[in-house]
Amino acid sequence: MKFFFLPLLILVSRVVLHEAALSLILDDVQATIQEDARVLKQVFQFLIEGDTSEFGNNIVCYVQHVKPQPNTDPLIGPFRARLFGNNNNNNSVVYDPDSGFPLNTLIQTFYQIRLCCYSANQGVTPDPPTCRALFITVTQNIPPLISGVSEITVAGDADINEILTTYMVTDQLDQDSLSLSLSSTPKDAASFFNIDYKITGTADLSLAVNGQQIPYGQLTLFINATDGKDSFVKAVQVTIADFNSRPNIRELPQNITLPEDTPKETTIALLNFEDVDGFTARIEPKCTVNPRDESFKFVYDVNRRSIKLTNVTDFPLDFETNNFYNITCVISDGFLDSAGEHLLIFVQNVNEPPVFQKTAQSCQLSESQAGGSFCDVSFRATDPDNDAVVLSLAGNFSEKFALTDNNRRLTFAVDYDLEAVGSPTSVKLTVVATDPLGATGTTLINVAIADVNDNDPVFTTEMTIIPIEYVTSRGVIGALTATDRDLGTNGDLEFSLISISPPDAATHFRLFQNGEIHYLSQFPDTLAGTTALVVAQATDKGTPSRSATSTIALAFGTTTTSTTTTASTTTQTTTTTTTTTTVAPTPAPFDFWSRPENIAMFTILMLLLLLLLLALLWLCLRLCLGSLGRLGGGGAQPGVCASCFGQCCRPGACSGFVESCRDCDCDCDCCRPPRRIQPQIVTSLDYDEDFWNRREHYESGNPYKT
């Protein structure tokens with residue numbers, strides 16, 4: 001069948017295409033679509049007719065993009081086919097906004113596509129697809145339109161929510177969904193109004209505040225309507241009749257600089273109020289201080305209408321604590337608040353210290369010789385007084401580092417070896433900037449020093465010969481040990497076997513990565529009495545790795561019998577004979593001190609014995625000293641109690657009081673003065689009932705005399 005297409009095709013025509021037994025029925029082959037389409041949109045609608053007994057219902061349709069072809073694959077583009085059944089009127093060609101190919105008349109205004117359908121039933125020999133050329137024109141979007149007044153007047157006493165005017169808002173062609181917004185000049189004036197867009201296409205402009213709360217006599221509103229692609233802006237001139245003016249503090253805003261030694265109760269600023277509308281009520285400001293935690297440093301004097309420093313301390317301001325204050329004061333006439341009433345206070349220091357651009361930096365170095373490793377830091381310190389500054393390093397280990405290349409690099413001042421004492425892997429340095437007057441500013445630099453694999457492993461295994469007998473158990477028979485002075489993975493070691501001689505001994509042993517040597521199986525008689533040399537290697541995990549080797553001897557024992565060889569020499573011939581003798585096992589000598597529990601038990605016994613001896617010594621001294629006291633000699637004090645021990649403290653001496661023992665302090669009954677009570681004639685009028693009062697000397701036998 002042959003088709004002819006004319007430039008002007010009747011919009012409502014019914015075209016039927018027959019190829020084989022499959023037919024596509026379309027209402028039209030030309031369509032238009034607007035470039036602002038934002039959702040899945042139908043462009044063409046078609047039916048599929050054919051012999052269902054031959055084709056069944058498994059029909060596949062697709063769209064090929066002919067002109068232009070936005071992708072190398074013609075199936076990829078902004079349009080695709082949707083199927084709902086052979087005779088379903090909803091089969092369509094649609095525009096897919098999620099295809100990644102948006103419509104834009106500035107780029108493309110015309111598309112030619114092919115709609116193709118075929119049967120995909122199994123067991124049926126497919127015919128060539130039935131295709132139809134379709135043409136799509138992309139039209140430019142037409143922005144929405146707002147109709148209504150461009151000038152309005154608002155009464156000064158208008159109420160909140162009062163509708164000022166109503167506008168008609170339409171989308172001229174495709175009736176897209178619209179949204180409206182407000183902006184203004186001055187910028188904050190839009191907040192005093194509302195725009196309410198309704199589905200009927202009207203928009204009400206109303207007040208969001210009371211009329212007296214609008215502080216402008218003239219302002220411009222901009223009503224913006226958009227359909228998602230294009231916008232329309234309606235400018236409206238608004239006049240406020242008898243508008244209310246904001247009250248004002250004449251002295252604010254104001255910037256004040258105060259030295260930090262300004263004394264207490266100093267007046268900072270006077271506040272005079274005015275209201276051009278003639279508001280006569282008493283106006284009191286509400287002032288806030290930022291930072292709030294230092295509000296106590298300022299007070300408002302109601303009588304003098306002034307802000308001054310408090311009297312809490314002699315000098316309330318401290319530059320080092322805070323050098324800037326923002327005091328905001330607001331007055332109100334009942335409708336409007338004053339605006340922009342700020343008092344900015346700058347605290348001045350006598351000499352300001354240098355300031356670094358960065359408060360902290362990081363630096364990564366690797367252990368090296370002096371000046372070998374470095375990092376770029378670029379310290380920049382500025383002095384507020386424009387003085388020259390000198391940079392230096394401070395902090396622990398700062399003597400090991402240096403600033404070079406005009407303070408742009410940090411490097412080692414000495415050879416830095418992490419394996420040496422006093423060389424940590426991380427150092428926190430303080431960079432100090434000093435001005436000519438001694439004021440300083442600081443910043444921190446966190447230095448991390450990486451380990452370099454610069455040390456070879458060193459074997460520390462003391463055992464170089466490992467004896468192996470027939471009775472040696474399977475398992476660990478020895479271990480290789482080695483050290484590496486490097487840190488981290490650079491110091492982690494793994495052991496490996498390099499060689500073993502003779503090679504047949506290798507089947508009976510295994511060297512593990514941790515250095516353990518395992519005996520795996522019984523060695524044969526051929527190895528008895530021989531020695532195998534094992535060459536092992538210790539390798540660290542650094543990059544590049546470093547290694548060291550060591551040799552271990554494995555000495556294989558003989559059988560339980562020993563062989564003695566005797567040699568006999570004759571005139572030119574040497575004969576060797578071998579005899580076999582049985583050697584009895586020699587028991588190891590018993591060593592009492594080789595067992596730690598024996599040493600501990602012996603120590604405890606010695607301590608108990610020492611305590612017993614000390615107790616006996618104490619008893620002996622007690623008995624001996626007591627005996628000496630009774631016999632007169634050892635316990636007497638020289639020159640005091642010698643006569644007491646010689647005369648009083650003897651057998652039978654206690655029959656009477658010995659005068660010579662009067663001043664003795666010996667523990668002898670006879671040396672104690674007898675307490676005799678003899679009546680005495682008291683002639684004194686000062687009678688004391690305590691007859692034996694020591695101050696009246698009756699103990700000595702001398703009665704009281706007046």
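**Salt bridges, a helical span and model confidence**

In this predicted model, Asp314 is partly exposed, with a relative accessible area of 48%, where buried means under 20%, exposed means over 50% and partly exposed lies in between (1.4 Å probe, protein chains only). The side chain of Asp314 meets that of Lys264 in a salt bridge, with an N to O distance of 3.6 Å. Because Lys264 lies in the loop between β19 and β20 (267-270), whereas Asp314 lies in the loop between β24 (306-309) and β25 (324-330), the pair ties together parts that are 50 residues apart in sequence. Lys264 is itself partly exposed, at a relative accessible area of 36%.

A salt bridge is taken here as a side-chain nitrogen of Lys or Arg within 4 Å of a carboxyl oxygen of Asp or Glu, and by this rule the count comes to 10. Residues are numbered from 1 along each chain as its sequence is written, and side-chain values use heavy atoms, with hydrogens and water left out. As the model is predicted, local features need a pLDDT of at least 70 and side-chain atom pairs count only at pLDDT 80 or more, while totals for chains, interfaces and linings use all residues.

Another of these salt bridges joins the side chains of Glu274 and Arg250, at 3.7 Å from N to O. Glu274 lies in strand β21 (residues 273-274) and Arg250 in the loop between β18 (248-249) and β19 (254-259), so this pair ties together parts that are 24 residues apart in sequence. Glu274 counts as partly exposed at 32% relative accessibility, and Arg250 is likewise partly exposed, with a relative accessible area of 48%. A further salt bridge, at 2.9 Å from N to O, is formed by the side chains of Asp405 and Arg408; Asp405 is partly exposed at 39%, as is Arg408 at 43%.

An unreviewed UniProt entry lists residues 599-621 as "transmembrane region", although such annotations may be inferred rather than shown by experiment. In the model this span is 100% helix and 0% strand, and its end C-alpha atoms lie 33 Å apart; helices (H or I, at least four residues) and strands (E, at least two) are DSSP runs, numbered from the N terminus.

Confidence is expressed as pLDDT, given by the predictor for each residue from 0 to 100; the chain averages 78, and 77% of the residues score at least 70. Over residues 561-588 the pLDDT stays under 50, and the model has 25 contacts (heavy atoms within 4.5 Å) for this stretch beyond four places in sequence. Residues 631-645 also have a pLDDT below 50, with 26 contacts beyond near neighbours in sequence. Where pLDDT is low, the predicted coordinates should not be read in detail.
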